[in-house]
Amino acid sequence: MKHKTFRDNPNLENVTFNGNANLDFSAFWGCKVLKNINISTDASINGIAFDHCNNFMTINGESPLGDDGSIKPEYETFLRKNFNSAEGVGFIEKYVQASIKKAVSEAVTDDMSDMEKVKALHDKLCSMTAYDHGNTEDPKNHVDVSVFLNDSTVCEGYARAMNLMLHEAGIESCYVDTASHAWVIVKLGDHYFHVDPTWDDNDEDITTYNWFMKADSEIKDDPSHSNWKMRCPSIMHSFQWEKMPACEDKMGDVNGDDMIDGRDATDILTAYAKSSAGGENSADAIIADYDYNGIIDARDATAVLTAYAKASASEGE
């Protein structure tokens, strides 16, 4: 089927295919009233041809999804083969929403602090996928459903999933990217931080925090993280702010001198001692939580000192 054959058709509600369908990527793009296609689940079809068909909810007159939003077994292979790159398709968006809710419910509990929630979602995402080194340009790696319908993805897939999961968990965030990379910015309290789950996930199945909760000044010198801009990658991300925030504060810099050193560790210990004695904890609850566990105590001071020692050793090399 040729380029734009039925694109934006205002009347097309139902389509029947006999056998495989050779569709141009834009054949049915934006058909807002399309609801159903009839096709053998053994057939091959270009799911991208139905991008932005928001009311497309059924195949062969039934939903390919169960009541919980998961894919019905009889449609599993068909959807994974044909719709793994689709964007804005009604039943795909429903599947993404259900997958997001499931992932968040498995990672987050109501008694967690916001810091703990972000860390838990970061770790959950890294456990769900891996980086697709061999197919970085494949469309399946650049859509909202990427992490949930495929075994691997690239930075855009990570960032889109992270942004949606954070929103579901009640954490404000936005998607940002450069010409070569993508990640998110999160808001905790009155502070904003960069979170890059892609670069924290590695091939040894070990999750790191080298790019977790970072200030602008801590990432801007890296070529892949320079000159970032906020972007709304799909309508599912329309919850984002109108203006991209600056990430001015550094985790661990409790005295605000733009350095993370022994003085910050001392301030954390002093604040912890006061609160242990029944007084008010004077340290910022976000900035001082250097081990990301929602509690300000001696372990945060130790983590600050360890980071300071490593940084000092690197500068001396």
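When I say two residues touch or are in contact, I mean heavy atoms within 4.5 Å. Okay, so what we have here is a predicted model, where local features need pLDDT of at least 70, side-chain atom pairs count only at pLDDT 80 or more, and totals for chains, interfaces and linings use all residues. Residues are numbered from 1 along each chain as its sequence is written, and side-chain values use heavy atoms, with hydrogens and water left out.

Let's start with F50. Not counting residues up to four places away in sequence, F50 touches F17, L23, F28, L34, I37, I45, F56, F83 and V89. F50 also turns up in the largest nonpolar core, which has 79 residues: F17, F28, I45, F50, F83 and M213 are the ones that touch the most other members. By nonpolar core I mean a set of buried Ala, Val, Leu, Ile, Met, Phe, Trp, Tyr and Cys residues joined through side-chain atoms within 4.5 Å. Apart from that one lies another core, of eight residues, including V176, I219, W241 and C247. As background, in soluble globular proteins nonpolar side chains tend to be buried together.

"Buried" here is under 20% relative accessible area, "exposed" is over 50%, and "partly exposed" is in between, with a 1.4 Å probe and protein chains only. On that scale, 49% of the chain's 317 residues are buried.

Now, cysteines. C232 is partly exposed, at 43%.

One more residue, K94. K94 sits in helix α2, residues 90–107, and the chain has nine helices and eight strands in total. Those are DSSP runs numbered from the N terminus: H or I with at least four residues for helices, E with at least two for strands. Is K94 buried or partly exposed? Partly exposed, with a relative accessible area of 36%. Leaving aside neighbours within four places in sequence, K94 is in contact with M57 and L65. K94 and D68 are 26 residues apart along the chain, and their C-alpha atoms are separated by 9.9 Å.

Last, the overall dimensions: the C-alpha atoms fill a box of roughly 75 × 40 × 35 Å, taken along the principal axes.
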